[in-house]
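Hi,

Here is the structure I promised to pass on.

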Amino acid sequence: MIGRLGAVLPILALATEIAVLPQVPTFTVKSEEVRVDVLVSDHGKPVHGLGPKDFEVFDNGVRQEISFASQEHIPFNAVLVLDMSASVVGPKLGNLKDAGLKFLDKLKSDERAALVTFGGAVHLMSNLTTDLVQVKNRFAHLQPYGNTSLIDACYAGIVIGESRPGRPLIIIFSDGLDTSSWLTGDAVLNIAKVSEAVVYSVSAGRLPRETFLRDITRATGG
């Protein structure tokens with residue numbers, strides 16, 4: 001019995017010492033990488049060969065470090081969001097359709113496009129595909145209808161654009177009015193700010209100085 005106690009006591013003493021060792025605090029650091037899309041042109045032609053030293057990025061007045069600048073080709077996921085409400089009936093709708101078709105003609109063979117239309121409701125007419133002819137064919141039978149769910153349609157465009165690998169590019173063709181969206185402009189703006197989507201708008205008329213379309217293009221760099 002004595003031999004057994006002698007063997008157990010050192011182990012108990014060691015366990016006691018381990019139990020009272022002070023806990024070493026641990027800290028976690030979160031680092032985020034933010035991609036900023038930039039277009040630099042000279043008389044309408046892209047400027048090539050630029051590096052990190054050629055740019056300055058500020059966040060709330062604080063200069064940010066630029067890790068790298070790349071000019072690699074990343075295919076677009078281009079989502080065309082087309083206003084089909086009654087407010088664009090006639091020449092306005094014809095002009096918006098023409099603008100959308102001309103944009104599709106400029107896409108490369110490895111780039112995807114989708115078509116979303118909206119009136120009082122939002123409809124996915126063609127999901128993201130490299131078959132651009134299929135997307136163009138959807139334009140032939142479009143007819144205006146109902147109210148305008150512009151904000152809801154913008155949200156749908158962002159979700160679709162980010163659903164596949166690539167650079168989400170959202171082009172909204174509209175007169176800029178909204179009459180029937182369920183979502184609020186602020187809610188969709190907050191989503192757009194944290195997404196990788198860049199939103200551009202093509203207006204069928206002169207937009208007011210402050211509109212949702214202006215806000216979302218500013219917020220995303222479009």
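Predicted model: local features only at pLDDT ≥ 70, side-chain atom pairs only at ≥ 80, totals over all residues.

I'd open the largest pocket first. Its space comes to about 2400 Å³. The elements that each put two or more residues into the lining are strand E3 (57-59), H2, strand E8 (167-174), H5, strand E9 (198-203) and H6. In total 49 residues line this pocket, and if you want to centre your view on it, pick Arg35, Val36, Asp37, Val38 and Arg167, which lie nearest its centre.

**The salt bridges**

Opposite charges on side chains can pair when the charged atoms come close. In this model there are three salt bridges, and here they are one by one.

- Lys136 pairs with Asp105, with 2.5 Å between the closest N and O atoms. Lys136 belongs to helix H3 (residues 132-137) and Asp105 to helix H2 (residues 91-106), so this pair ties together parts that are 31 residues apart in sequence. Lys136 is partly exposed at 27% relative accessibility, while Asp105, at 52%, counts as exposed.
- Asp215 and Arg218 make another salt bridge, and their closest N and O atoms are 3.4 Å apart. Both sit in helix H6 (residues 212-220), three residues apart, so about one helical turn separates them. Asp215 has 26% relative accessibility and is partly exposed; Arg218 has a relative accessible area of 51%, which makes it exposed.
- Arg63 and Glu56 meet through their side chains at 3.5 Å, N to O. Arg63 is exposed, at 54% relative accessible area, and Glu56 is exposed as well, at 51%.

**A nonpolar patch**

Which residues form a nonpolar patch on the surface? They are Tyr155, Val159, Trp182, Leu183 and Ile191, and together they have about 530 Å² of accessible area. Ile191 is the one I looked up in more detail. You'll find Ile191 in helix H5 (residues 185-194), and with 34% relative accessibility it counts as partly exposed. H5 also turns up among the elements that give two or more residues to the lining of the largest pocket.

**Two single residues**

Asn60 is worth a click for its backbone. Most residues other than glycine have a negative phi. For Asn60, though, phi is near 55°, a positive value in a non-glycine residue. Where does Asn60 sit? Its place is in the loop between E3 and strand E4 (62-64). Asn60 is exposed, with 78% relative accessible area.

The other one is Val122, which is found in strand E7 (residues 122-129). Is Val122 buried or partly exposed? At 32% relative accessibility, it counts as partly exposed. Along the chain Val122 and Leu150 are 28 residues apart, and their C-alpha atoms are separated by 8.7 Å.

Cheers

How values were computed:
Residues numbered from 1 in each chain as written. Heavy atoms only, no water. Salt bridge = Lys/Arg side-chain N within 4 Å of Asp/Glu carboxyl O. Buried < 20%, exposed > 50% of the residue type's maximum accessible area, 1.4 Å probe, protein only. Helix = DSSP H or I, 4+ residues; strand = E, 2+ residues; numbered from the N terminus. Patch = residues over 30% accessible without salt bridge, like charges linked within 9 Å, V, L, I, M, F, W, Y side chains within 5 Å. Areas by Shrake-Rupley, 256 points an atom, 1.4 Å probe, with all protein chains shown as cover. 1 Å grid on protein atoms, 1.4 Å probe; cavity = no way out; pocket = protein on both sides within 12 Å on 5 of 7 lines; lining within 4 Å. Points joined across faces, edges and corners; volume = space filled by probe spheres on them.
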